[in-house]
Amino acid sequence: MVTVCFFFGAIGAIGGAIAVIALRNPFYSVLALVVHLVALAGIFLLLHAQFAAAAQVVVYAGAVMVLYVFVAAYVGGVQEPVWEPIPGQRLLAPLLGGALFIELSIAVLGSGLAGIDTDGPRIGDGYGTPHQIGTVLLQRFLIAFEVASMLLLLAAVGAVVLAQRRREGAGGSPSEDTQSEAGAA
């Protein structure tokens, strides 16, 4: 049963990734990315990494994809250019993609599988659970966790300040715009 679920997840992840690249409509491409991310969350569940699966669905398939959908809807349908931006791109892209696939296949088959040791140390049953992740983050890596949260907070505050300065520099404060519109009427 686990093998069947893995193959459904793998087919969903690969199919979603291919659809992201193959679809011309940006909105459908974003929806295909959601399928890809949900399939990856299913594979994380098969690996008993419940926290990673939940984070995958909540953070990526939830919050980030909502942002992508809004951007795709805001940008709208972009017309395809009449000419190719790079001459010979349609011939060169599959060749480079095939070369990358061959290189990755050699790397995985040559060295990646040699690192798998079935008789080596085993990972504990609790690894990947929310309790284990919380214990590691809030005990062993507490300082790094707090520094990262402070950096994210500073980045958010900085973005708000820069957006406010940009708005004031472009057209003045909103109250001045309202007064000038009232005077023009």
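Mentor: Before we start, the expected span of a helix is 1.5 Å times one less than its number of residues. Keep in mind too that this is a predicted model.

Trainee: Okay, so how far does α2 reach from its first C-alpha to its last?
Mentor: α2 has 21 residues, and at 1.5 Å a residue the expected span is 30 Å. The model comes out close to that, with a reach of 31 Å.

Trainee: And α3, where does that helix bend?
Mentor: Start with its span: α3 has 26 residues and reaches 35 Å, close to the 38 Å expected. Along the way α3 bends by about 35°, and the residue where this happens is M65.

Trainee: Which residues does M65 contact, leaving aside its neighbours within four places in sequence?
Mentor: M65 is one of the buried residues of α3, and what covers the buried residues of that helix includes α2. Contact here means heavy atoms within 4.5 Å. By that cut-off, the partners of M65 are V30, L33, V34, L37 and Y60.

Trainee: How do α2 and α3 run, roughly parallel or roughly antiparallel?
Mentor: Their axes are 8 Å apart and the packing angle is about 175°. Angles over 145 degrees count as roughly antiparallel. So α2 is, relative to α3, roughly antiparallel.

Trainee: Which residues of α3 meet α2?
Mentor: On the α2 side, the residues involved include P26, F27, V30, L37, F44 and L45. Facing them from α3 are Q50, A52, A53, Q56, V57, Y60, A61, M65, Y68, V69 and A72.

Trainee: What about H36, buried or exposed?
Mentor: H36 belongs to helix α2. Because the relative accessibility of H36 is 17%, H36 counts as buried.

Trainee: Which residues is H36 in contact with, once neighbours within four places in sequence are left aside?
Mentor: H36 is on the list of buried residues of α2, along with S29, V30, A32, L37, A39, A41 and I43. What covers those buried residues includes α1 and α3. For H36 itself, the contacts are G12, A13, G16 and A17.

Trainee: Then there's H48: is that residue buried or exposed?
Mentor: H48 lies in the loop between α2 and α3. Exposed means over 50% relative accessible area. The value for H48 is 53%, so H48 is exposed.

Trainee: Last one: what is the phi of H48 near?
Mentor: H48 follows α2. Its phi is positive, and H48 is a residue other than glycine. The value is near 60°.

Terms used
Residues numbered from 1 in each chain as written. Predicted model: local features only at pLDDT ≥ 70, side-chain atom pairs only at ≥ 80, totals over all residues. Heavy atoms only, no water. Helix = DSSP H or I, 4+ residues; strand = E, 2+ residues; numbered from the N terminus. Buried < 20%, exposed > 50% of the residue type's maximum accessible area, 1.4 Å probe, protein only. Bend = angle between axes of the 7 residues up to and from the residue. Axes fitted to C-alpha atoms, helices over the stretch in contact; angles between N-to-C directions. Parallel < 35°, antiparallel > 145°, perpendicular 65-115°, else oblique.
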